[in-house]
Amino acid sequence: MSKQLCTLKVNGDICTVAADSHHTLLEILREELGLTGTKHGCELGECGACTVLVNGMPMLACLTLPQQIEDAEITTVEGLAVGAELNPIQTAFAEQGAAQCGYCTPGMMLSAKALLEANPSPTRDEIAHAISGNLCRCTGYTSIYEAIEQAASMMQPARAEAGSRE
Amino acid sequence: MSDFSVIGHRLPKVNTWDHLTGRAKYADDIFLPRMLYGRLLRSPHAHARIVSIDASRALAHPGVIDIVLGPDMPELMGIMPSTQDETALAVDKVRYVGEPVAAVAAVDEDTAFDALSLIDVEYEVLAPILTIQDALREDLPKLHAHSKDANVFKDVHLEFGDMAAGFAAAAHVRDDWFFYDGNTHAPIETHASVASWDGDGKLTLWSATQVPHYLHRELEKVLGVPRSHIRVIATPNGGGFGGKSDPFGHEFAACLLSKRTRRPVKITLDREEVFYAHRGRHPVLMRMRTGVKTTGEITAVHAQTWLDGGAYASYGIATTYYTGALMTVTYQIPAYKFDGVRLYTNKPPCGPKRGHGTTQPRYAFEIQLDKIAADLGLDPLAYRQSILQPAGSRTVNGLRVTSMGLGQALDAAAASSSFGTKHGKLPRGRGVGIAGSAYMSGAGLPIYWNDLPHSGAHVKIDRGGGVTVSCGTAELGQGSDMVLAMVTAEALGVRPEDVHVVSGDTTLTPVDLGSYSSRVTFMAGNATKAAAFKLRALLEDVAAEKLGISADRLVFAHRRVYDREQPDHCMTFVEAAVAAEAKHGTLVSVGSYKPPADIRGKFKGAGVGPSPAYSYQACVAEVTVDLETGEVKIDKLTLAHDCGRALNPVSVEGQIEGGAYMGAGEALMEEQGFRAWMHKKPSLLDYKIPTSLDTPPIQAIVIETIDAEGPYGAKEAGEGPLNPVVPAIANAVYDAIGVRIDETPITPEKILRALGKLPGRPATNRIGPDGLETAQPDPKPFIRKLQATSAGAAGGDSD
């Protein structure tokens, strides 16, 4: 099998790897770049555990070939925090107990990030639709909804304050 | 205001930050230098004799380093020592599609995968046994030569109290059949293991396992390597639910391949393989005969269960007993008879899934109670309240009930859901149902019967105030590491984040039997608390002296030791620790826990069912049935759970919500279907588990009964909450459309069939099994013993 050079922009870093041409973004991230925070539960596009953001949009890394997205900005769970500063989604997931086994969590948080960027104050129904491609077997989704709602209000404190005064 | 500074507070789990930042190292996240990748070749046949295996073509394939076959590990293994019937890789026979027969190690996963097709296996195909009925026939082939009667794995028969008098005293007898279909755990993480045979001749295995201790034992047996030279590390499990509590072929194969190649070997199962590894919920056919007085008071219960066990034992002997044992701890049953039989079939082995063996009979019994209430014109809530097993009592089968919150749970769930104003009063197509249940806080007896502790912990305090707790528990996401941290922190007056938790490592941690049967909070919690209080006593000694007050005035909280009556009269935890170490020496202590001996009866089979404490649950389901499509939509699940005390309410609510979700999936969509002997849906696309859009709103209610023996009063929360959900939904469907669905799952097809909306099928008020066909000329005695008791013998009526 011939390896091909491939350059990706992951969490702001430019990374060049030599990889088998049939290897997916999931395999590149985990096996070539050591970004094992991106999980896999099926490698068939069924479970959503490998969700990453490509130019801000959730994509399944197990169904994506790196050649398709060479110029794109890729965000994985390792890129959610900025330095020591956690993303509010991470803080909210911790406080609401939204990560039990934690295996769906990276993909779930990235779907949540994409949602909150497009829709800063989603309804519970909108949240349910946004994460419907991310299977969670532990939580029954309740604490995940609560965490995403908490993150939404953390991200717009002024608005939340205004809302609570009404 | 709580007297506790840690217990009962809503705190983030100490290990959650690694999960949230992508740092947590699950087994498949481990990459070691020179690591090889393994894959398993699996049987395409449900039942076949292996005539020959020739791996020479595969071994010649570039990049293939080694291949192991069944005869390389011929030792029988299995989780239960008395019923070991499995080998790591199939030796002479394969008994289900997907059974592993060979393992390849290669330089990368692609190469290992390619090599599988180069292994030549010649099979002599045998007729498969696929149903409970066929497994009871003497004239069909046996899966295992050791089965004495047909394909019976085990049959058990227990009787307590005066059954004849009980049924004679009954004014009304119900005789109902039920079928609970099999389903699977489907953790999002697939099983994975990394084995490394190191330079010193010792083996380390990192594995996604719930039971590092038992795996440790089996590795010794199968590999012939002393346990002193094996280290098993349970990596964080990406969900378990019982599915990772057996020793598995890939774990042994990775170890042997590493031993032979002297290189680390990783084997990660793919999703399809997880469906074959299975060990999921047993399909169970059930017959419940219950006698009641006109008031509904139960006079006798005869429960019969037939379990479709699949190809191997797994926990099957325990599962079989569990389909009978816990029936008695919820409602008063003065006379009780139980017959259970587990059968071998050529399907992936069934095992323990959340609620282990109790979920199926609970489904049957709570539906039957609903029927009894309807027959007698009783309110289903008030009826249940009138027959509760009291706290501080013994059941007819010798189980000791301590704290008992089923009554409060029923009331709370009913009140929060307005059950009373809705039941029987909603328009056609909408309904509410209620059900109660129980589960245990760990098994009273260990799998290996011995006098050793069920759980051990040690606690160490370092000179900077850091605390380390070590215990053999496996973290599955249920929050067991946080339980250890909170119990330790409360005892010593530090914060959970000051506690470093070492868990699930057979070299570093004292034995805990593992994360199964909801035993960790109760047993490891008690062991940890005992260890921590030994160190606390040393700190009390020096603090009392230093502060010049008696030890009983000392409070340990917020990293300080202070005078209860004058809180600013204090010393820091670090000062107390340093002073204690100066006076008493290095600060390390041990604690262990073993359940009391008097919690079980004295009869064969009394080992399954006893627990130091039972948790109790009640669920109200509200549903809307679409009369045109047959779809059941759950509008809301209200689930109250008596956990003794919620050590961390966030974790307890999470377990309640997760149980509600998983129960909803089992009730409406999950089934382990087969097309002849082929698994019909070995993928997450075909095997439906609820997505966020399928999951109803869930209200979790925590009931606290403060169990006298639980750590800070706590009992289990991990499994029980699933149990009442499934019958509550079935009872709600009855309330909505007047149809009893006496088998799971409650699919649109079954609803439409009941409503007479399928062509050529008349409407019916019940869907479910009618009996067990064991029509065999001159059945042998064992068949007669296992056959259904004739309904007439009870002299009661039935529908």
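Q: What distance separates the centres of domain 1 of chain A and domain 2 of chain A, taken over C-alpha atoms?
A: This is a predicted model. Chain A is divided into domain 1, spanning 3-79, and domain 2, spanning 88-159. Taken over C-alpha atoms, the centres of these two domains of chain A are separated by 22 Å.

Q: How many residues does the contact take from domain 1 of chain A, and how many from domain 2 of chain A?
A: Contact here requires C-beta atoms, placed from the backbone, within 7 Å. On that basis, domain 1 of chain A gives 15 residues and domain 2 of chain A gives 13 residues.

Q: Which element gives the most to the side of domain 1 of chain A that touches domain 2 of chain A?
A: Two strands of chain A, β3 (51-54) and β4 (57-60), each supply at least two residues to this side of domain 1. The most, three residues, comes from β3(A).

Q: How do the residues of the side of domain 1 of chain A that touches domain 2 of chain A divide?
A: Sort that side of domain 1 into nonpolar, polar and charged residues. The division is eight nonpolar, six polar and one charged.

Q: Which element gives the most to the side of chain A that touches chain B?
A: Between the chains, 38 residues of chain A are in contact with 40 residues of chain B. On the chain A side, α2 (88-96), α3 (105-118), α4 (124-130) and α5 (142-155) give two or more residues. With four residues, the one that gives the most is α2(A).

Methods. Residues are numbered from 1 along each chain as its sequence is written. Chains are lettered from A and ligands numbered from 1 in the order in which they are written. This is a predicted model: local features need pLDDT of at least 70, side-chain atom pairs count only at pLDDT 80 or more; totals for chains, interfaces and linings use all residues. Two residues are in contact if their C-beta atoms, placed from the backbone, lie within 7 Å. Domain bounds come from an automatic or database domain assignment. Ala, Val, Leu, Ile, Met, Phe, Trp, Tyr, Cys and Pro count as nonpolar, Asp, Glu, Lys and Arg as charged, and the others, Gly among them, as polar.
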